[in-house]
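Good morning, and thank you for coming.

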Amino acid sequence: MAAEELSFRAMGSDAHVIVVGGPPGSAAAAHRRIDDLERRWSRFLPDSEISHLTRRAGEWVVLSADSLLLVQRALDAWRLTVGRFDPTVLGAVIRAGYDRSFDRLGPAGGDTPSSLTVGAAGIEVEGQRVRLPAGVGFDPGGIGKGLAADLVVAETLAAGAAGACVNLGGDLRVAGEPPDGLSAWTVAVEHPASPEPVALLGLHDGAVATSTTLRRRWTAAAGEERHHLIDPWTGAPSTSDLTLAAVVAADAWAAEVLAKAVLLRGSEHAFDLVGGLGADALTVDRQGTVRSTPGLAAFLGPQGLRRRVEPPTRPTPPEA
């Protein structure tokens, strides 16, 4: 069955779309839809609905159905991860130096002050309206990429495709028939310091998301090296002993937030959350040791799981 494939930049990341057996132009339609969601959701675009929501914190704001769903999923994720994902850490992210898109940030980071505080517990949703607490900013972060992958795959199949894959910077969703007559979609979990994948996962319908502290890094004015993964419990970049976490789940938005939660919890409690949520995970720590939940074996082929990745000896390149 014929397949269309596109690679492009979207949501500050490399994007990859594969559509199997769809109407002509299906991959291009998926690209346009992803661009539409980015225009609605990016905190780096001043006219986006999400930027508008932050500017009007303390007031009711009417959102589109897409943006309302994003807020609802972000609140679901905040509850699901017991606060290890928090969509209101925007102020902490800006104060850490991540004050513009990473494509424009540069190795020195930014220096924009911010008085924004956290306050996910105070977000109100009423019909199509959302109200942030005064002084609180909203940053969907990676959950926007995961939710976009979920939406675009579902819409592509509804439009007549036999199968689809959307990968937005490591937040990946697959469903339906894979290309080339394969029995399952094969997803590589990659580590920035290794030329070989940590694992090859076979999925029929589901999602994989990867979170790492080894990319999107910069150096603050005082010489401190920082990265984008803010721990909501401290308001600072994570100091976890894990450098990478990957999660397999039914939906990409959930896999994304669980991957971050697993990484932030550190190796001692890495898998506590995923165990009861129907998800599986793998981690890599600072010494390069690879661990996984027992259930991950169901997704592995005969090559199994690598048990060690050599720790990086030099800084990893920024995310392409």
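The model is a predicted one, in which local features need pLDDT of at least 70, side-chain atom pairs count only at pLDDT 80 or more, and totals for chains, interfaces and linings use all residues. Residues are numbered from 1 along each chain as its sequence is written, and side-chain values use heavy atoms, with hydrogens and water left out.

Let us start with the helices. Helices (H or I, at least four residues) and strands (E, at least two) are DSSP runs, numbered from the N terminus. Axes are lines fitted to C-alpha atoms, for helices over the stretch in contact, with angles from 0 to 180 degrees between N-to-C directions.

How do the axes of H1 and H3 cross? Helix H1, residues 26-41, and helix H3, residues 65-80, have axes that come within 10 Å and cross at roughly 70°. H1 is therefore roughly perpendicular to H3; angles under 35 degrees count as roughly parallel, over 145 as roughly antiparallel, 65 to 115 as roughly perpendicular and the rest as oblique. The crossing of H1 and H3 is right-handed, meaning that the near helix is turned clockwise from the far one by less than a right angle. On the H1 side, the contact (heavy atoms within 4.5 Å) is made by Arg 33, Asp 36, Leu 37, Arg 40 and Trp 41, and on the H3 side by Asp 66, Ser 67 and Leu 70. These residues comprise three nonpolar, one polar and four charged. Here Ala, Val, Leu, Ile, Met, Phe, Trp, Tyr, Cys and Pro count as nonpolar, Asp, Glu, Lys and Arg as charged, and the others, Gly among them, as polar.

H3 also meets helix H7, residues 252-265: their axes come within 10 Å and cross at roughly 40°. The two helices are therefore oblique to each other, and their crossing is right-handed. H3 contributes Arg 73, Asp 76, Ala 77 and Leu 80, while H7 contributes Trp 253, Val 257 and Leu 258. Five of these residues are nonpolar, none is polar and two are charged.

By class, the contact of H1 with H6 has eight nonpolar, two polar and two charged residues.

I turn now to the aspartate. Asp 231 lies in strand E13, residues 230-231. Is Asp 231 buried or exposed? Asp 231 is buried, because its relative accessible area is 9%; buried means under 20%, exposed over 50% and partly exposed in between, with a 1.4 Å probe and protein chains only. Its side chain makes a polar contact with the side chain of Arg 84, at 2.8 Å. A polar contact is a pair of N or O atoms within 3.5 Å; within protein, one must be able to donate a hydrogen and the other to accept it, and residues adjacent in sequence count only if both atoms are side-chain atoms. Leaving aside neighbours within four places in sequence, Asp 231 touches Arg 84, Ala 236, Ser 238 and Leu 264.

Finally, the loops. Most residues other than glycine have a negative phi. Val 82, however, has a positive phi of about 55°. Val 82 sits in the loop between H3 and helix H4, residues 90-96, and is exposed, at 54% relative accessible area. Asp 180 likewise has a positive phi, of about 60°. The loop that holds Asp 180 runs between strand E7 (171-176) and strand E8 (185-189), and Asp 180 is exposed, with a relative accessible area of 72%.
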